[in-house]
Amino acid sequence: MAMPIRSLTLGVVLAVLSFGAVQAQDTPRGDPKAGLVNFKKLGCYTCHGIIGQGTLRDGPHLNAAALGFPAVLAQLRNPRYEMPIYTASQISDAGVADIFAYLSSIPKGPDPKSIKQLQ
Amino acid sequence: MSKTIKRRQFLAGMAAAPAAGLAATAGKAVAQTTPAPVSSVPPVPMTDRPSSDTPPQTIGKTGSDFMVDVLKSLDIDYIASCPGSTFRGLHESIINYGDNKKPEFITTLHEDTAAAMCHGYYKVAKKPMACMVHGTVGLQHATMAMYNAFADRVPMLVLTGNIGKQETRQAYIEWDHAAQDQGAMVRDFTKWDDQPASLQGFAESTVRAYDMMTTAPMAPVLIVADGDLQEDPIPAEVEKKLHIPKLKMRFQPAGDIAAVREVAKMLIAADSPVIFANRYGRTENAPALLIQLAELIGAPVVDSHNRMNMPNRHPLNHSLRREAALQSADVILALEPIDLFGLNNYVPDLVTRPNDPRRRQANLKIIHIGTEGMMAKSNFQDFQRFAAADLSIAGDAEATMPALIEALKTQMSVADKNRCDGRCAKVKAQTAKLLDQSRQEAAYQWETQPISSARLTMELWDQIKNEDWMMPTETQFLSDWPYRLWDIDKPYRTMGGSGAQGIGYNSPAALGAALANKDKGRLTVAMVGDGDLNMAPGVLWTAAHHKIPILYLVHNNRAYHQEVMMILRMASRRQRVNNKNVYVGTLIDDPAPDYAKIAQGYGLYAQGPVSDPKDLTAAIRRAIDVVKKGEPALIDIVSDGR
């Protein structure tokens, strides 16, 4: 699921504008544990990091809440820019919902001010 | 000379002598029953043999002793090598005649390591190191590191041996290792090579090679030292005439002054100039000059990190908002950009590989100052796709900088200066929030397992930030965290990358850097990938043997991670990403190598594998204590891919 960092801005903006408003009713219930399995199996983690934190050159931070499920699904099925395509034969919509549930379950992370090593 | 002998004649005689002696001795006892063994080595005429009562010896100064004089005249501190018989004369002269000082023999376990150490050493010491590689076979081992250095425009003196005269070569091995033209193997990625036929020729060619390789554009050079020349004594009449040329006042090629004035004119007229620096910083003066230029014209600087160009936290350093800065430019001043085409274009990794021009101002003008066009070879394509600038100056960018700054000061009116000062303040304000954004991103991944690249790098930073540190390794596989969050403030903190992206650069080049840092008392911290370390694990023994202080942190993602992504991309494009074999060939797992044990086996202090991020602080602290005592250390850290 590689996507260069420069496509991040466009992707996020379009996703939020297009789908953010309908996110709640369009998000199927997924299983976070199964989502983690899919996230690893399909290699999503290789470009986006194990918690979707993003890597500077290979894939953006996957902020599931900001993106919304329809945008995530659309990006997999008809990817913008360099991200590889993942069709329904590779992962079902339900499988994508599991990934979305996994990404949504990840806590926000601590306040950087609370981490000595980041000061 | 009565008891001396030409080396090759002596060797040939010794090769035949045991067989002849054996035949004579055995003949007394078993002459009636056993025929004398038949030697496959042709007998050497008695007239060419040494007398049996006095062992043959070389008296007086040898050719390789003089070669050491030449190396000493060039102030070469170290010569890295693993031994090879084609240069045994020179090897012996370095350690005995030269007292193993200037150059000191650094023992490596692979020629690629020797050459890569030269690469890293130069980038810190700013003076070349030498390596000595076996004829043909050793030279082939060294080639990848030499190519990296060539692509990175870094000099090194590569010496190899060759038994040039066919009639004095021993059977098999010396023929296998001899070549009609050793330089042919590396001519595509050296600046110059020579195979001198005399000692005077060796002196002149080696000094010429040194002169050429240290004049921009820089690159490795090869000198072939003939075996007979090395090992034979120097005839008295020859020795009297030998002399070593001295290099005196030398300067780098700076840009034409009239063209520089034109550049100043364009920069003063620009509304939104941007500076792009790639292989710009040649000396430790470079960052200060670049800051002076950027502040003078109020321009953001985009740094591609292939040299230590500019402190990362300087408010005019806009590398973290590269595209935003470049999109705003009406003039881009590109300093040793390497890839002028790639500065404004992108070829995405899609099936059709379309050219995707970057979004730029319609009236954008490109100024190029660099040496790229001053040395190019045809075969290997490291010169990148061609793009023309609006104004191009052939000359070393750093050497041109003082003239450009002076021209700007001379040509700027008071109104120009006020306008630039105002712009400078605005440009500086644009970077104010970048550090906080990066901290936020690092915090998000702080607790993950495998350990995130942000955690790995920032745990290290927390313990070196009050030291005089130097980080010699590439960071693109670590999401560039050091450039995002460390304070890279001194002109020697970093040194750029491999040049040609040949894996196996980081571990040995870092050791070369550490060798240069050793005398300066700097703490060298190298973050290397597991794939990289596996290309040259023997470098750890060299570090231990020579007591070179360096901390290796192994960013162990248990894979050739770049290729994991590449194969997944292929499989997904072909709808085969679910195939059970999709990770075949890209993982370094099952069994997972234990790099701490490997390092311990080579004699290093080592810890790991460290899997829990909470264990990092103590592990790094212990390892740094070891390094500060003058020893190498290694920590194996099980890490996320990037």
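Two residues count as in contact here if their C-beta atoms, placed from the backbone, lie within 7 Å. Keep that in mind. And note that this is a predicted model.

Let's start where the chains meet. By that rule, 32 residues of chain A are in contact with 35 residues of chain B. Which element gives the largest share of chain A's side? Helix α4 of chain A, residues 44-48, with three residues. By class, that side of chain A has 15 nonpolar residues, 11 polar and six charged.

Now into chain B. Take strand β16, residues 551-556. Is this strand enclosed or open? Six of its six residues are buried, so β16 of chain B is largely enclosed by the rest of the structure. Look at the side chains. Leu551(B), Leu553(B) and His555(B) point one way from the strand. Tyr552(B), Val554(B) and Asn556(B) point the other way. Both sets are buried.

What are the strand's partners? One is β15(B), residues 523-529, which runs parallel to β16(B) and is joined to it by five bridges. There, Gly529(B) has His555(B) as its bridge partner. Another is β18(B), residues 633-638, also parallel, with six bridges to β16(B). In that pairing, Leu553(B) stands opposite Ile635(B).

Last stop, a helix. Asn418(B) sits in α15 of chain B, which covers residues 414-429.

Methods
Residues numbered from 1 in each chain as written. Chains lettered and ligands numbered in written order. Predicted model: local features only at pLDDT ≥ 70, side-chain atom pairs only at ≥ 80, totals over all residues. Helix = DSSP H or I, 4+ residues; strand = E, 2+ residues; numbered from the N terminus. Nonpolar A, V, L, I, M, F, W, Y, C, P; charged D, E, K, R; others polar. Buried ≥ 20, exposed ≤ 12 C-beta atoms within 10 Å, placed from the backbone. Pairing = 2+ DSSP bridges.
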